[in-house]
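Good morning, and thank you for making time for this presentation. Please look at the sequence and the model as I bring them up.

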Amino acid sequence: MSEPLVPDTRLDLSAAAGLATALRDRTEPEVIVDLSEVRHMGALCLQILIAAATSAQKDGRSLSLINASDRVIDQLRVMGMTPETIAGGRI
């Protein structure tokens, strides 16, 4: 099992390129994104996570989101998502 990816505290426009690169560089069978430090989830980074999960599934891999705070879960819910729907990659 590889080390989880721990993204920036604010997943907003300024974090989007770094998040996309970090996810693209992960090639292990199970990519784990630890959201324990995240306090803000913006729509662009949400789209990046969805795209990464979809791509992983197409490659026979998986992407999991763990340790999301209640605040981040609420932000995702407002955008119609949950960590489970994102990880499913079938949005």
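I begin with helix H1, whose buried residues are Ala-15, Ala-16, Leu-19 and Leu-23. Buried here means under 20% relative accessible area, exposed means over 50%, and partly exposed lies in between, with a 1.4 Å probe and protein chains only. Helices (H or I, at least four residues) and strands (E, at least two) are DSSP runs, numbered from the N terminus. Viewed down the axis of H1, the buried residues fall within an arc of 115°, so they line one face of the helix; the arc is that of the directions from the helix axis to the C-beta atoms.

Before I continue, a word on the source. This is a predicted model, in which local features need pLDDT of at least 70 and side-chain atom pairs count only at pLDDT 80 or more, while totals for chains, interfaces and linings use all residues. Residues are numbered from 1 along each chain as its sequence is written, and side-chain values use heavy atoms, with hydrogens and water left out.

What covers the buried residues of H1? The cover includes strand E1 (10-11), E2, H2 and E4, where contact means heavy atoms within 4.5 Å. On the face of H1 turned away from its buried side are the exposed residues Ser-14, Ala-17, Arg-24 and Asp-25. Asp-25 counts as exposed because its relative accessibility is 57%.

Is Arg-26 buried or exposed? At 19% relative accessibility, Arg-26 counts as buried. Leaving aside neighbours within four places in sequence, Arg-26 is in contact with Ser-2, Glu-3, Pro-4, Leu-5, Val-31 and Arg-61. The side chain of Arg-26 also meets that of Glu-28 in a salt bridge (3.2 Å, N to O), and both of these residues are buried. A salt bridge is a side-chain nitrogen of Lys or Arg within 4 Å of a carboxyl oxygen of Asp or Glu.

How many salt bridges does a search of the whole structure find? It finds three. Another joins Arg-10 and Asp-12, with the closest N and O atoms 3.3 Å apart; Arg-10 is partly exposed, at a relative accessible area of 45%. Asp-74 and Arg-77 also form a salt bridge (2.9 Å, N to O). Both lie in helix H3, three residues apart, about one turn of the helix.

The largest nonpolar core has 24 residues, of which Leu-23, Val-33 and Met-41 touch the most other members. Such a core is a set of buried Ala, Val, Leu, Ile, Met, Phe, Trp, Tyr and Cys residues joined through side-chain atoms within 4.5 Å. Two or more residues each come from helix H1 (13-25), strand E2 (30-34), helix H2 (43-58), strand E4 (62-66) and helix H3 (70-78). H2 gives the most, with seven residues. Not counting residues up to four places away in sequence, Val-33 touches Leu-5, Pro-7, Leu-23, Leu-49, Leu-63, Ser-64, Leu-65 and Ile-66.

Finally, the overall fold. The protein has four helices and four strands, in the order β-α-β-β-α-β-α-α from the N terminus on. Of its 91 residues, 42% count as buried. Among contacts between residues at least 6 apart in sequence, 77% join residues at least 24 apart. Along its principal axes, the C-alpha trace spans about 30 × 25 × 20 Å.
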